[in-house]
Amino acid sequence: MVDIAVVDYGMGNLRSVSKAIEHVAPAMTVVVTSDPKVIAEAGRVVFPGQGAAPDCMREIDARGLRQVIIDAAHSKPFLGICMGMQVLFDHSEEGDTPCLGVLPGTVQRFPHEAMIDAEGNKLKVPHMGWNNVHQTGPHPLWAGIEEGERFYFVHSYFVQPTLPDVIAGFSHYPFPFTCAVATANIFAVQFHPEKSQNAGMALLGNFVTWNPGEGEAACDMSGATCA
Amino acid sequence: MLAKRIIPCLDVTDGRVVKGVNFVELKDAGDPVEIARRYNEAGADELTFLDITATSDNRDLILHIIEAVASEVFIPLTVGGGVRAVADVQRLLNAGADKVGINTSAVLNPQLVKDAADRYGSQCIVVAIDSKRVGDHWEVFTHGGRTATGLDAVEWAKKMASLGAGELLLTSMDRDGTKSGFDLELTRAISDAVDIPIIASGGVGNLQHLVDGIREGHADAVLAASIFHFGEYGVDEAKRYMKQHGIEVRL
């Protein structure tokens with residue numbers, strides 16, 4: 001059994017993610033895999049992803065990974081990153097794509113008409129670079145990370161959860177948008193911890209030792225999705 | 001609030017960092033892994049490596065350098081130089097690059113930009129544009145600045161954005177290595193013409209030039225090489241200066 005499985009479904013470069021996890025968990029076995037059996041048996045699952053939502057969903061299904069990802073998201077420490085966060089929701093506006101439906105909510109594009117800052121300057125899309133992440137409350141994955149710490153982002157779409165309880169962090173561009181969600185055993189982020197230097201390494205370090213359920217509320221999700 | 005980025009650039013040839021003036025007269029500046037480590041500690045927001053190795057014999061050296069840097073520096077790494085095919089993009093990403101810069105090949109084969117963006121996502125495709133003022137407009141040059149293309153730089157930038165580039169690295173060849181500041185007019189013309197982020201490059205000689213690139217040039221990020229390599233200014237010092245001048249930076 002491997003300690004940490006990084007799900008490889010053919011969407012982009014996973015080397016940065018696996019290198020960063022190996023860096024914070026030198027004693028653990030970390031594998032990049034598209035084997036459903038390895039993912040099902042792993043102690044923890046990291047679900048990254050880059051590219052477009054329709055391609056992501058197609059590649060997940062082409063590899064027969066849909067069910068094992070959903071099962072992992074309901075049963076073990078699970079970290080979604082970027083596109084791996086977005087496709088956990090019901091639906092993405094990108095290519096009008098039905099997604100995994102693990103979390104209720106939708107994924108929307110930064111609306112062109114809203115992309116102007118307080119001084120009247122045009123804001124670029126993708127939202128690319130280091131932005132402040134505001135924590136909605138304490139969580140084991142925020143341990144040792146300052147409120148408002150900067151993380152590295154690159155994305156054009158953002159999630160809109162139906163249930164506000166799952167929102168663990170938000171950022172501004174220029175309006176507030178959700179950039180971190182948490183349930184009993186899922187933590188998912190829009191930014192890239194693997195590229196976010198010390199703050200990112202702190203978050204990944206917290207994930208590899210996270211024991212969901214220890215001293216936490218059991219489940220803050222709707223009953224339907226709690227295992 | 002989103003921070004403006006400072007990106008030190010490492011021109012690498014035969015495994016060493018070098019710096020030239022107007023694309024020639026190279027001067028040795030040190031070991032790339034050591035320099036990358038230093039810039040990371042000083043708070044660089046990203047690092048860019050341009051492989052300017054002339055001979056194909058030493059092309060693989062850049063892969064080893066990127067592998068070494070990526071295993072200990074956890075900020076975005078862009079690598080450009082000699083990218084001719086989707087397979088080259090794959091090779092650099094596998095070595096640990098997060099973004100790949102495409103320059104000459106984008107002009108020879110614009111479809112490469114679309115193919116690479118479709119395959120790996122726009123977020124990792126940076127189109128590098130080397131441009132020089134010609135009369136009342138700016139023209140795109142390739143092959144390290146030696147070959148005129150007849151392409152208008154602003155129109156070219158729009159085309160690259162529409163083909164899927166996630167970002168543009170814009171170098172003024174008139175200013176590169178001169179320490180007289182960015183070509184602000186060029187930077188602003190292109191930044192205002194496209195929706196994707198622009199990295200301004202070419203000509204930084206002091207910290208005020210970085211501020212001007214953001215304020216006057218409307219750049220989203222500023223790239224510089226020699227002012228950092230030869231110890232004139234630290235990356236951290238540059239960021240503090242920008243913050244004092246009202247620019248949002250990551251400190």
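When a disulfide is taken as a pair of cysteine sulfur atoms within 2.5 Å, the count over all chains comes to 0. Cys82(A) accordingly takes part in no disulfide, the nearest cysteine sulfur, that of Cys56(A), lying 8.7 Å away; for Cys99(A), also in no disulfide, the nearest cysteine sulfur is that of Cys56(A), at 8.6 Å.

The structure is a predicted model, in which local features need pLDDT of at least 70 and side-chain atom pairs count only at pLDDT 80 or more, whereas totals for chains, interfaces and linings use all residues. Residues are numbered from 1 along each chain as its sequence is written, chains are lettered from A and ligands numbered from 1 in the order in which they are written, and side-chain values use heavy atoms, with hydrogens and water left out.

Chain A contains 6 helices and 14 strands, assigned as DSSP runs numbered from the N terminus (helices H or I, at least four residues; strands E, at least two). Of its 227 residues, 56% count as buried. The C-alpha atoms of chain A fill a box of roughly 55 × 40 × 35 Å along the principal axes. Among contacts (heavy atoms within 4.5 Å) between residues of chain A at least 6 apart in sequence, 72% join residues at least 24 apart.

Conventions
Buried < 20%, exposed > 50% of the residue type's maximum accessible area, 1.4 Å probe, protein only.
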